[in-house]
Amino acid sequence: MEIIMSIVIGVSYASAVFLLLQKRLLQIILGIALLGHATNLLIFVASGLHGTTLPIIGNEAKVLASTAVDPLPQALILTAIVIGLALFGFSLALAYRCVAVLGHDDVDQITHTDSLDESTSLSEN
Amino acid sequence: MVPLLTAAFAILSREHPVVQRCLSLSGIVVLFIVGFILMGQVLEHNYLTVQVGGWEAPYGITLIADLLAAIMVLFTGLIGFAVILYSLMSCKQDGFSSAFHPLVHFLLMGVCGAFLTGDIFNLYVCFEIMLMASFALLTLEGRAEQTEGAVKYVVLNLLSSALFLGGLGLLYAKVGTLNMADISLIVQQAVADDNAGPIRLAGLLFFVSFSVKAGMFPFFFWLPASYHTPSVPVSALFAGLLTKVGVYALIRLHTLIMPGEVLGHKLLLFMGVATMLIGVFGAASQMHIRRILSFHIISQIGYIIIGVAINTVLSLASAIFFIVHNIVAKGNLFLVSGIASNAVGSEDLHKTGGMWKAWPQLAIIYLISAFSLAGLPPLSGFVAKLSIVWATVESKLWWVMAAVIFTGLLTLYSMIKIWVEVFWKDHPEKNWTLTVSKDNKRLLPVSFLALFAILLGIGGGPLFDICMRAGEQLTDSSGYIRVVLGAPQ
């Protein structure tokens, strides 16, 4: 199971990097989102997939059963998913704003803030 | 906790600008005072810890303040105070949306949280809070330039966050804990057993991620592309604080989480020198006030990184002192340049001039902070740079010392370039007069910071002693570990 999941993570990372290297803004943002999901999977798999029972200490037991899964990575991922969702929403809004203000979503043309020459900088609107 | 409360109240009062501003100001004053109290407490006890929720370390989340964290929180309060004061007095006041104050406080919350946490996942969460607030602040006015700068800033920072998270997952898988003190023990054990391969991988991911956030060579491109676009108080806040959080995380990584030679200090040293030189060359070629200052942030980060990389008590102390000096001087320069360009009508150095005659008080304050940044005595930058040079001499790294001094000269050059172009030469248009009123009230926050720059220079001794103690704490992490985990290990 770990091997299959590792391959899935690897493919996700590769696709994410591919998307990040594209010209369109939307593809880049999807790339970031995919990267986030791949990372979440990575946390999940890296700590092992060997647990079989819920990580709850029952009424009689004093310690966690050794068959229980590690709950911490799941808590981490939950947090990371929430944060990731918020950031994804923000970046989509930003991309929308970018298209609305600049009229295109081609990152090769977004070079005004780097240019040395003031005359090429955008007029304030 | 103070910024969180303030932010919440500030959101609630968004319909009433006056109430919101009063709340915001009082919130930051309280934060500043709390910073002082914390500093006093830490000076007395060396470490303060809180186990959140009552779970004992390493299972619960620990908040810990050592000297480094206390210093950082104190100066976070200082720069936050100056920035909010500035925004209150700025002429463009009405242009600020009601979101500004809550966002600033969320940002401060993230920054202070990152300084105080003793849990590596908590550090990640605080980074994200800080990033989210900074994204929103960056795009607050929604101008085309800001959107452009924000795209680059957002993409690169999200990428580095993903790397951080990935490293975190791998590290947890290997060591089974998220408590930084606990990790440190296990990593030391693993290194002793020569079994640190996966840990090094995770450490490398952290290293790249923090370097992106600190704006180090070769990951600095997002910084000069975005820092000059937002409104002046926002960019002053960013310049003073955000990259410093990245540096802070790097310090923690190299002294506590992966102590000793787990990650090469040589690499860090090379990157520091390269960062310093590239930043100052970039600044020398620019003709836009805030872009010059943005490139200088990078170059200053280089100095701090060199201090971290040399990794002696003295060099760490000088790195910490440099961070403090830089927060004050850099934030102030951004604020002064904001007032100046607002008064003169442009940020392009070709179109400015005549400010010395028009507004000498402002010119003097600029000179103080610029010379402080360039490192002329008796200002704070002199102490900071001198101590870095000392640290290089102590470690016999002559080529680094040469680079440090050379960069200092170039810094002076570009600071003087701004001085000549904005203040000294005549304005390019004849019969030019100031269009905004010379309201000396607006000089209050900047003169406050300039005063600090002088104080840090003349009376820098006590603070440097504190920095030395902080450096000792950093080079010997056993005290930190003992305090967090409670029992002698």
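Which residue takes a positive phi just after H16(B)? That's B:Lys396, with a phi of about 60°. Keep that helix in mind, as we'll come back to it.

First, some ground rules. This is a predicted model, where local features need pLDDT of at least 70, side-chain atom pairs count only at pLDDT 80 or more, and totals for chains, interfaces and linings use all residues. Residues are numbered from 1 along each chain as its sequence is written, chains are lettered from A and ligands numbered from 1 in the order in which they are written, and side-chain values use heavy atoms, leaving out hydrogens and water.

Let's start with chain A. You'll find three helices and zero strands in it, where helices (H or I, at least four residues) and strands (E, at least two) are DSSP runs, numbered from the N terminus. Along the sequence, that gives the pattern α-α-α. Of the 125 residues in chain A, 33% are buried; buried means under 20% relative accessible area, exposed over 50%, and partly exposed in between, using a 1.4 Å probe and protein chains only. Now for contacts, which means heavy atoms within 4.5 Å. Among the contacts in chain A with a separation of 6 or more, 53% are between residues 24 or more positions apart.

Zoom in on A:Ser12, which sits in helix H1 (residues 2-20) of chain A. A:Ser12 has a relative accessible area of 15%, so it is buried. Setting aside neighbours within four places in sequence, A:Ser12 is in contact with A:Leu34 and A:Ala38. Take A:Leu35 as well: A:Ser12 and A:Leu35 are 23 residues apart in sequence, yet their C-alpha atoms are 7.1 Å apart in space. The side chain of A:Ser12 also reaches the backbone oxygen of A:Val8 at 2.7 Å.

On to chain B, which has 20 helices and two strands. Here buried residues make up 65% of the 489 residues. Of the contacts in chain B between residues at least 6 apart in sequence, 81% join residues at least 24 apart.

B:Ile71 shows what such contacts look like. This residue lies in helix H3 (residues 67-89) of chain B, and its relative accessibility is 1%, so it counts as buried. Beyond its neighbours within four places in sequence, B:Ile71 is in contact with B:Met39, B:Ile320, B:Val324, B:Ile466, B:Cys467 and B:Ala470. B:Thr407 makes another landmark: it is 336 residues from B:Ile71 along the chain, and their C-alpha atoms are separated by 26 Å.

The expected span of a helix is 1.5 Å times one less than its number of residues. Why is H12(B) described as largely enclosed by the rest of the structure? Because 22 of its 22 residues are buried. After H12(B) comes B:Asn311, whose phi is positive, near 60°.

Back to our opening helix, H16 (residues 380-394) of chain B. Its 15 residues should span 21 Å, which agrees with the 21 Å between its end C-alpha atoms. The buried residues in H16(B) include B:Val383, B:Ala384, B:Ser387, B:Ile388 and B:Ala391. An α-helix has 3.6 residues a turn, so residues three or four places apart point the same way.

Finally, how do the two chains meet? The contact takes 40 residues from chain B and 39 residues from chain A. Together they bury about 3400 Å², 74% of it on carbon and sulfur atoms; buried area is the accessible area (1.4 Å probe) that two parts lose on being put together, summed over both. B:Glu148, B:Tyr172 and B:Arg291 supply 17% of the area that chain B buries against chain A, more than any other three residues. Helices H5 (120-138), H6 (144-175) and H9 (222-226) of chain B each supply at least two residues of the side that touches chain A. H6(B) gives the most to that side, with 20 residues.

At 4% relative accessibility, B:Ser161 counts as buried. Apart from neighbours within four places in sequence, B:Ser161 is in contact with B:Tyr124, B:Glu128, B:Leu131 and B:Lys213.

Definitions and conventions:
Polar contact = N/O pair within 3.5 Å; in protein donor to acceptor, adjacent residues only side chain to side chain.
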